[in-house]
Amino acid sequence: LGRPVEHVLRNMSMSLGIYCLVLGVPYFLLWRSYKKALLSFVSVQDEVAVSGKIAGRQPRMVFVVLACALLLVMGVLALLYLVLPK
């Protein structure tokens, strides 16, 4: 099994991969079909002209960027821990 850290990292990676396949793929497919059907829920007569910036877009992007940066830092630290001799 190698070092305990390698064993835990390997098992967590496999669990995350299986989780993404089991839950992520169906969620992605449902979201894609929802986005295609979204236009059938509204009518052209209900259209309202709105000017200005999109209200809720920026905070979500900031969260996504911060989450990706955190995952990247955690991955680099895990790799450094595995590579550096003790």
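These legends go with a set of close-up views of one predicted model.

View 1. The protein chain has 2 helices and 0 strands, both being DSSP runs numbered from the N terminus (helices H or I, at least four residues; strands E, at least two). Buried residues make up 0% of its 86 residues; buried is under 20% relative accessible area, exposed over 50% and partly exposed in between (1.4 Å probe, protein chains only).

**View 2. Helix 1 and its kink.** Helix 1 covers residues 4-37, and its end C-alpha atoms sit 48 Å apart, which agrees with the 50 Å that its 34 residues should span at 1.5 Å a residue (1.5 Å times one less than the number of residues). At glycine 24, shortly before proline 26, there's a kink of about 35°, taken as the angle between axes fitted to the seven residues ending there and the seven starting there.

**View 3. Leucine 16 and a nonpolar patch.** Leucine 16 is found in helix 1 and is exposed, at 53% relative accessible area. The residue belongs to a nonpolar surface patch of about 920 Å² accessible area together, whose members include Tyr19, Val22 and Phe28.

**View 4. One aromatic pair.** The structure holds 1 aromatic pair. Tryptophan 31 and tyrosine 34 make a tilted one, 5.4 Å centre to centre with 40° between the planes (ring centres within 6.5 Å, the six-membered ring for Trp; under 30 degrees is stacked, over 60 edge-to-face, the rest tilted). About one helical turn separates the two, because they are 3 residues apart in helix 1.

Residues are numbered from 1 along each chain as its sequence is written. Local features need pLDDT of at least 70 and side-chain atom pairs 80 or more, while totals for chains, interfaces and linings use all residues, and side-chain values use heavy atoms, without hydrogens or water.

Key
Patches are made of residues with over 30% relative accessible area and no salt bridge: like charges are joined within 9 Å, nonpolar side chains (Val, Leu, Ile, Met, Phe, Trp, Tyr) within 5 Å. Accessible areas come from the Shrake-Rupley method with a 1.4 Å probe; for residues, only the protein chains shown count as cover. A salt bridge is a side-chain nitrogen of Lys or Arg within 4 Å of a carboxyl oxygen of Asp or Glu.
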